[in-house]
Each structure stands twice: as C-alpha cells, then as structure tokens.
Amino acid sequence: MAIMKKDEAEPVLRLDGISIRFGDVVANDNISFELKEGEIVALLGENGAGKTSLMNILFGHYVADSGTVQAFGNSLPPGDPAAALTAGIGMVHQHFTLADQMSVLENIILGTEPLFSLRQNRAAARKRIKSLSTDFGLQVDPDSAITDLSVGERQRVEILKALYRDVRILILDEPTAVLTPGETEALFATLHKLVANGLSIIFISHKLHEVLAVSDRVIVLRGGKLVKTVPTGTATRSQLAGLMMGAELEETEFPGGEPRSVMLELSSITTQRSPGRPALDGIELRLSAGEITGVAGVSGNGQATLAAIIEGGQRPDKGTILINGEPQEGWSARRALACNIGRIPEDRHAIGMIGEMTVTENVISERYGSDRFSRYGILDQRACEEFAEAIIRDYDVKCPSPDIRVRLLSGGNMQKLILARAFDGNPEIILANQPTRGLDIGAVNYVHRKLIEARDKGAAILLISEDLDEIRALSDRIVVMSKGRLSPPSARGELSIAELGERMAGRGDVWEDQKSGGGKYAA
Amino acid sequence: MRLEPRETQSAAMTLAYPVGAIATTLVIASILVMLAGASPFNVFWLVLKGAAGSQFALIETLTRATPLIFTGLAVAVAFRARLWNIGAEAQLYIGAVITVVLGTGALPLPSAILIPVLTASVLLGGALVLLGPAFLKIQFGVDEVVTTLLLNFIVLLFVSMLLEGALKDPMGLGWPQSKRVIAEAQLPRLIQGKRLHFGFILALASAMITWFIMKKSTLGYEMRAVGHNPQAAAFAGIPVNRVLIKTALLSGGLASLAGYSEVAGLKGNLTLDLSPGYGYTGIVVAMLAMLNPAGVVAAAIFVAGIFVGADAMSRATNVPSYIAEVMVATALLTMVTAIMLSRYRIKWR
C-alpha cells in the first residue's frame, strides 16, 4: 500500500491560485497544485506554456499578481529568492550557473560558508560530497575544474550543489536537453534514488517519453493554464500530446528525398580548439542536392564549429571547402552568401537577428548592398519595406508593422524572418542549425515543412539538431558527431535510437578507423 | 524594485522624457543656487536672458555652439557604432594645427580654393588621428576608451611643444601662440562686425550630411548594425572591421573641423586655450541628443546657451558661473536616466 501512503502524505509544496500577466500575455492563469513528499511531478508544456514563469514565481524571482506559495506548511513571502532557498527548495537550471575556472568542490561550497573560514571546512565538505556522489550515483571528481567537465558531469555538479544545501524539493528545468540517451538513463536512476530518500522533485520538460519514463504524476500546462493532472501510470503518449497541444498529435511522416549532384563538400577539415569552439578532426562531408543530411550528437561536440565553417564565420586550419566542386579561397560569410548558402543560425537572438533594429532592417541584412536594395550606397527605402512586407505576408509573421523592433517579436516569428531571409533567392545549400529550438509546436511544424519544401526544390540541406526525433523525422541520411569527428552516414531508419545513442557517446567501431584523423569514410 | 523592458515607446513618451530630464536638472540646480543665496527663478531668468535675450546673446550662443556641433556629431557617429571615441579634444587640436600649418601663408591661394583645400586637409588629418586607436582595437583588442583618452594628453603636449617651437609666432612677444592665419584662409563672418562666422553654416551642413549618412546610406545601416550587435552583423556578412575603420575616419574628421572652425573663423591663431574642453562637452551633447545628428544641433545650442547665459548671470548676481558646468553635468545624468526610463519601467514591490 505504498501508493496509498504517498497520496495521504502531507504536501511539501502547495501553489494556490497563481496568476501573473506580462502586458497582454497571461503567463499563468490561476494555477494550483501540490507536491507530495517522495514524489516526482512532471511539469509538461510547450515553450510559452508558462512553466518557466511559474517556477520563477515559486523562486521569488517574479511576484505573482495573485496566489500564494506554501512550503512545508509555511507561506513563502513573495519576491524573496532567499526564502525559497532557506525553505529547502533547489533548482537546476537549463543553463548551468557554475564558475568555470573553479573546481567542483569550490563550486559546491561557494556561498555556503563564510568567506574566511573556507580552508578548515574543506576536508569535511569533500567527505560529504564524496558520500553524496556515491549514494546517488553522481560520479564526479571534486578537484576537477569545471572547464574540464562534460555537460553531463556539470549537471551532476549542479545537482550535488543543491543536495549539499540539504534541499528537500528539487526542481529540474529541461535537464535532458544536453544529455545523451545513456546519460539520461543515469539521471533518471539518480532521481529515483533521491525520491526514495524523501526528496520531492519537479521535472520540467516538453519531451513526452521522458515524462512518462520518470514521473509519478504529470501536470500539463497550456497557454498559461493548468489543463489537467494525469497519474503517469494511466497516461499515454498521444493523450499527453493532445493535452499539451490542444489537439491530437499528428505524427507527420515526411517522404524521402531524391539525392542528386554533390553541392558542398568538406574535405579533411581540421580546426584547433578555441574558446567556445571545440576542435574538428578530419571532417569529411558531402551534401547532395535534394537531400537532407542530419547531424545528430550531444551539443558541444563540434557542431557549433562545423556550422561556423559552413556559415563562413570561421576558416578551417586545414582542409578544403568545395562548392559545386570548386575549392574556395578566402572563405567568409560574404563568400558563403555569394555561393548561395542559406543559413539558419543556432542562436537567433545573439547572431540571427539584431533585436534593436526593425524587421525591415533585419531582413535585408544579408543583401542590403545588392542593386535590389541600394544604389550608390544609398538604401532604397521603398524596396526594403516592400521586401519586408512581402515576407510578413508570405510567411504569416505576426507583427503590427515592418518598422517595429525585432526584439518585440516572439521566437517563432523571429525564426520565420530568419527562414525568409535564408530562403530568399532559393539557396542551393541550406545550413539549418537547431532550427526549431525553443519554438512551439505550430512553429516547429512550419519550419519542418519549409525545409522539406526547399529540399524538394533541390536544395542540399545540412540539419544540425539535438532533437533526435527531429533528425530522424527529416533526414534522408544521418551522421553522428562526437568529439569533433563525424561518423559515416547511415540511411534514414537504418539505426535505432539506442544505436545512435551509442555513436553519440563516442562508442562503437565506426570511430575506430578514424583515430588518425582524416577519416577514410566520406560522409 | 525591478526593471522590466517596455514593449512599446509612444511618441509622447520620447518627447516627455527629455523635457522631464531638463526640468529635473533645473530643480537640482536651484538647490545650489539657493545655497549661494540667490533666487532660482531670478537666476534662471538671467541665464535665459543672457543666452537668448538679445541679438548679442543669441549670436554669442550660436558662436559657442559651433564647435560643440562638430564634436557632438563626431561622438554621436562613433558611439552609434560602439566605437567609444573620447578623443574629440585631440582631434580638434590636430585640426587646428593643420589649419595653422597650411593657413598662415604656406599655401598662397585665393579664398575660393584655399578654404576647400583647408577643409579637406583638416578632415583627413583628424580622420587619421582616430585611425590609430581603431587599428589597435581591431588588431589587438586594445580598449579605445583608453587610447583615445590618453591621446588627448599626448596631442595637447605636442601642440604645446609646437607653440614653443616650430609654430611659435616670432612677433608674439614670447607668448606660446602661432602666427595668425592669412586673410584668404579666414572663414567669413556671417554678420558684419559680429562674431558668428561661416563655421556655423559648415556645422549645420555637417549635421545634415551626417544625418543623411546615418539614416539613408548603407554605411549608416552598417554602423548601426555593428553598434547594436557586432556578432549578428558579422554573421550577415557585414565587414565589421571595415565599418569600424570608416566610422573612425568620419568621427575623427568631424571633430577636427571644430578646431579648424575655431581658428579660421573665430580666434585667428592657435593657442593652448583654444578649446575649454569642447571635445569632452561633445560627449554630453551627443548623449543629450540621443546620438541623433539632428538632435546634436539642438543639444549643442542648449549647452552653449547655458554656458553663455551663466556667464552673463554671474556678472549680475553673486552666483558663480560654475553653475553652468553643474547644470550641464546634471543634464547628462538626468538624460541618461530618462533614456533608461523610456526603455524600461520600474516595478516596485
């Protein structure tokens, strides 16, 4: 009767009637739920469903317009992050908050000890961390510097940081976004050990299978409202998807493409490691017209560098870039554009768009110098505006006027502008780097359709994504990236998720023959 | 207390905030005025009268505004592309040096040719002064705030050396001053017998041209893109370094015209007190104008008016004219605050 006991247990956390508005947007609308001791509750919802603002209210970063938060029977004062911490609530953010140059041990004890007595408590702290790591399967060397750790290890440090502070309630925001399938399994095992020890966990995600795998209850949010709470035992994938999106999920099956001539070839591309740019080691890659090549892999394994090279943002130290068989000299963003490469960057806010400039100014940014938009160095305002208006119309961008600043648009609308800019002039080669990250389901489908459309028109497309489902749904061929190297390609459907996961983790014989760099496989 | 970005900015708001900033400045200044034992209303009235209450006052204000328009434009252009040019003072003095070197008889040409030649040479010289810091920034990542600021002192000492040596006027009774520019090099007076000179027209024309470049040209577009987000600009294929170089040339050139116009239009020769900090005040002018070239003209006249008006006021009361500096500095602070408030709203709680 263990389950009965769980239900009767006093809630450790109670949110009651939480509402918050930002301008016209109701981010949370009268949300109430309880978290019981020893329970994993999944908070499921699309981006923009209100998960993050709810957690920010819980943590005192935002003040709710109405509603209360109670932890262990005591009300938390609104707008006081320190109170949430003292009450035993800890959070592991999607973007880690670690000091890179410091060791694991230092990061964990940072802020828990008075500044001048750090020394004498180190031994005790080290012992405590060691025992926490063995108890909960969070292996990590306390003396490593954070810079030397993999993403999975960094996440373990974040969890240890929370445990070290004796949290009773642990909130994990999209914890699996950065993990390999294998690491995800290990994380789930850790979470189960934690709740067995009496912790309570809120697991925020928009991935259905993970939610089903790890939680006891699923709370579904949509458009700021709590739609339904479902016990995980009775929930199905399609039911949850339906609740989350407001309609039954249609699993689109995209038809395969017909590959033609090779448009872009990377030949033994090698780069040195530099800050934020992992090294590449003998990359061989051929992109054919009418084909989508998907690059699967855990982020941080060289995808950013590979993308930077194709975008023209970086030159390889060694190796050749060939466009239509022609080796390229003096490679740059301008050259890439002149070679008719359409580019969808990974980070639309930081490099895709200039938030402080208008829609018009942003959509012309790759072509303002052409005769179409300027003469003798003077911009043709009319032509620029007409172009922007046509994009707003054709791509159904939700914005009041082409004169508003781009930072006021939603992520989905911003991405539409980027697509429109990249697809203008029917590019022969398209680089789509994380094209759907952070978008809601409608926008994701839109981006997918546009990519398939471009492929059918004959574009050679490279799709880099952390979302395995996306890679598997869209790609005609899949290559896996691990530690700066690319695996040989496999056809769509040839490899199971488990097999892909093995390759993503850098295991398996496909990597063996490439040890010397300059792999003999041509992807 | 928390700041939240505003989603929209109404036209009324863009107008209300600068007005509010100036009102706040007056309130803060009145405290000091009262401490000096005078009535704020009387003092501000005298400042206004001294700045614009007569033809003489008005002409004096516009004359004083002329160099500020040039340095203000120089700063506005550079800051727009996030090139922090703090060295307008140095560029101004280099402009003055070139004017004296070429304009004291070295080029025996008629006015119609000599003035354009001088203008072009000064533009070029000032542009080259800022090229060094821009190059160091691009090539080695050296902070241009430091290099341009320190260059001010180097140039000022260099000018001092010239005035004690190569450029010293032998007929100057030993004073560290240059020879006077020849009549053909002088910028004509706009009104016979008054101090306002052709430099003012040159400043207005520069403002219009700068406005056109910033608003309508591809260069202005590139500068704004580089200023707002250099990574995104580079991604879009905008040649960021080349844009920074062009910005430096434009900014340095504009600032050096201030020195040219002061020597050839007003003073006639070069002395070490040619500029009472016009280069630095240009930063205030540009900020007050929110980096808008058209606004620079208005802001320069406003700042010049306060200085001129405060001089007149201090002659009539016992409030020192230093109040002008306090007012200008306070106006800068309140303006920066107003800009922030127009972009963010404060939420208490």
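Predicted model: local features only at pLDDT ≥ 70, side-chain atom pairs only at ≥ 80, totals over all residues.
1. Domains. The assignment for chain A gives four entries, starting with domain 1 (1-88 + 168-179 + 203-249) and domain 2 (100-167). Between the C-alpha centres of domain 1 of chain A and domain 4 of chain A the distance is 38 Å.

2. An open sheet. Four strands of chain A form an open sheet in the order S12-S11-S14-S15, and their pairing is antiparallel. Its edges are strand S12 (280-288) and strand S15 (326-327) of chain A, each of which pairs on one side only. In general, the strands of a sheet pair through backbone hydrogen bonds, in a parallel or an antiparallel sense.

3. The S11 and S12 pair. Strand S11 of chain A covers residues 262-271 and pairs with S12(A) in the antiparallel sense, over six bridges. As an entry point for viewing this pair, take Leu266(A), whose bridge partner in S12(A) is Leu285(A).

4. Cavities. The structure has four cavities of 30 Å³ or more. The largest cavity holds about 40 Å³ of space.

5. Lining of the largest cavity. The residues that line it are Leu337(A), Asn340(A), Ile341(A), Gly342(A), Arg343(A), Glu366(A), Arg367(A), Ala422(A), Asp424(A) and Pro427(A). By class, the lining has four nonpolar, two polar and four charged residues. Strand S16 of chain A (residues 341-344) supplies three residues, the largest share of this lining.

6. Over all chains, a search of the whole structure finds zero disulfides. Cys384(A), for instance, is in no disulfide: the nearest cysteine sulfur belongs to Cys399(A) and is 16 Å away, whereas a disulfide requires two cysteine sulfur atoms within 2.5 Å.

7. Burial of two cysteines. Is Cys384(A) buried or exposed? Its relative accessible area is 4%, so Cys384(A) is buried. Cys339(A) has a relative accessibility of 10% and therefore also counts as buried, the cut-off for burial being under 20%.

Key
Residues numbered from 1 in each chain as written. Chains lettered and ligands numbered in written order. Heavy atoms only, no water. Buried < 20%, exposed > 50% of the residue type's maximum accessible area, 1.4 Å probe, protein only. 1 Å grid on protein atoms, 1.4 Å probe; cavity = no way out; pocket = protein on both sides within 12 Å on 5 of 7 lines; lining within 4 Å. Points joined across faces, edges and corners; volume = space filled by probe spheres on them. Helix = DSSP H or I, 4+ residues; strand = E, 2+ residues; numbered from the N terminus. Nonpolar A, V, L, I, M, F, W, Y, C, P; charged D, E, K, R; others polar. Pairing = 2+ DSSP bridges. Domains from an automatic or database assignment.
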